[in-house]
Amino acid sequence: MNEDLLDYWLRIIKPLLPMNAWVDSRLSRGDYLIQIDWKLENDPHQQNKRSRKIEIIIKEEAIDDYLGK
């Protein structure tokens, strides 16, 4: 059930991100952890430069509250 909820949230988040975004998601000690970054294409001198990593942590208590509603 929790994996389905994580997939659902990812489907909501992904359209808001750049097309080339790398998204890693997993359960970590009961919390959801989502990490996002993407390749920046605006610096010709650093062709493999990546964005800063975005980390979203959804705490277990918030998940429980969401599922309880």
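Glu61 sits in helix H2, which spans residues 60-68. Helices here are DSSP runs of H or I with at least four residues, strands are runs of E with at least two, and both are numbered from the N terminus. The model is predicted: local features need pLDDT of at least 70, side-chain atom pairs count only at pLDDT 80 or more, and totals for chains, interfaces and linings use all residues. Residues are numbered from 1 along each chain as its sequence is written, and side-chain values use heavy atoms, with hydrogens and water left out.

**Surface patches**

Glu61 counts as exposed because its relative accessibility is 51%. The classes are buried (under 20% relative accessible area), exposed (over 50%) and partly exposed (in between), with a 1.4 Å probe and protein chains only. Glu61 belongs to a surface patch of negative charge, together with Glu60, Asp64 and Asp65. Patch members have over 30% relative accessible area and no salt bridge; like charges are joined within 9 Å, and nonpolar side chains (Val, Leu, Ile, Met, Phe, Trp, Tyr) within 5 Å. Asp and Glu count as negative, Lys and Arg as positive; His and the chain ends are not counted. Each charge is placed at NZ of Lys, CZ of Arg, CG of Asp or CD of Glu.

A nonpolar surface patch is formed by Tyr8, Ile12, Tyr66 and Leu67. Together they have about 360 Å² of accessible area, computed by the Shrake-Rupley method with a 1.4 Å probe, where only the protein chains shown count as cover for residues. Helix H1 (2-13) and H2 each supply at least two residues of this patch. Tyr66 lies in helix H2. Tyr66 is partly exposed because its relative accessibility is 40%.

**The strands**

Strand E2 covers residues 31-38, and eight of its eight residues are buried. Asp31, Leu33, Gln35 and Asp37 point one way from E2, while Tyr32, Ile34, Ile36 and Trp38 point the other way. In a regular strand, side chains alternate between the two faces of the sheet.

E2 pairs with strand E1 (residues 21-28) in the antiparallel sense, over eight bridges. Two strands pair if DSSP finds at least two bridges between them. Ser25 stands opposite Ile34 in E2. E1 and E2 form a hairpin with two residues between them. Arg29 in the turn has a positive phi of about 55°. E2 is also joined to strand E3 (residues 54-58) by five bridges, and these strands run antiparallel. Here Ile36 stands opposite Ile54 in E3.

**Salt bridges**

The structure holds three salt bridges. The criterion is a side-chain nitrogen of Lys or Arg within 4 Å of a carboxyl oxygen of Asp or Glu.

| Acidic residue | Basic residue | N to O distance |
| Asp24 | Arg26 | 2.5 Å |
| Asp31 | Lys59 | 3.1 Å |
| Asp37 | Arg50 | 3.0 Å |

Asp24 is partly exposed, at 23% relative accessible area. Arg26 is partly exposed too, at 35%.

Lys59 and Asp31 meet in a salt bridge. Lys59 lies in the loop between E3 and H2 and Asp31 in strand E2, so this pair ties together parts that are 28 residues apart in sequence. Lys59 is partly exposed at 44%, whereas Asp31 is buried at 13%.

Asp37 forms a salt bridge with Arg50. Asp37 is in strand E2 and Arg50 in the loop between E2 and E3, so the pair ties together parts that are 13 residues apart in sequence. Asp37 is buried at 8%; Arg50 is partly exposed at 37%.
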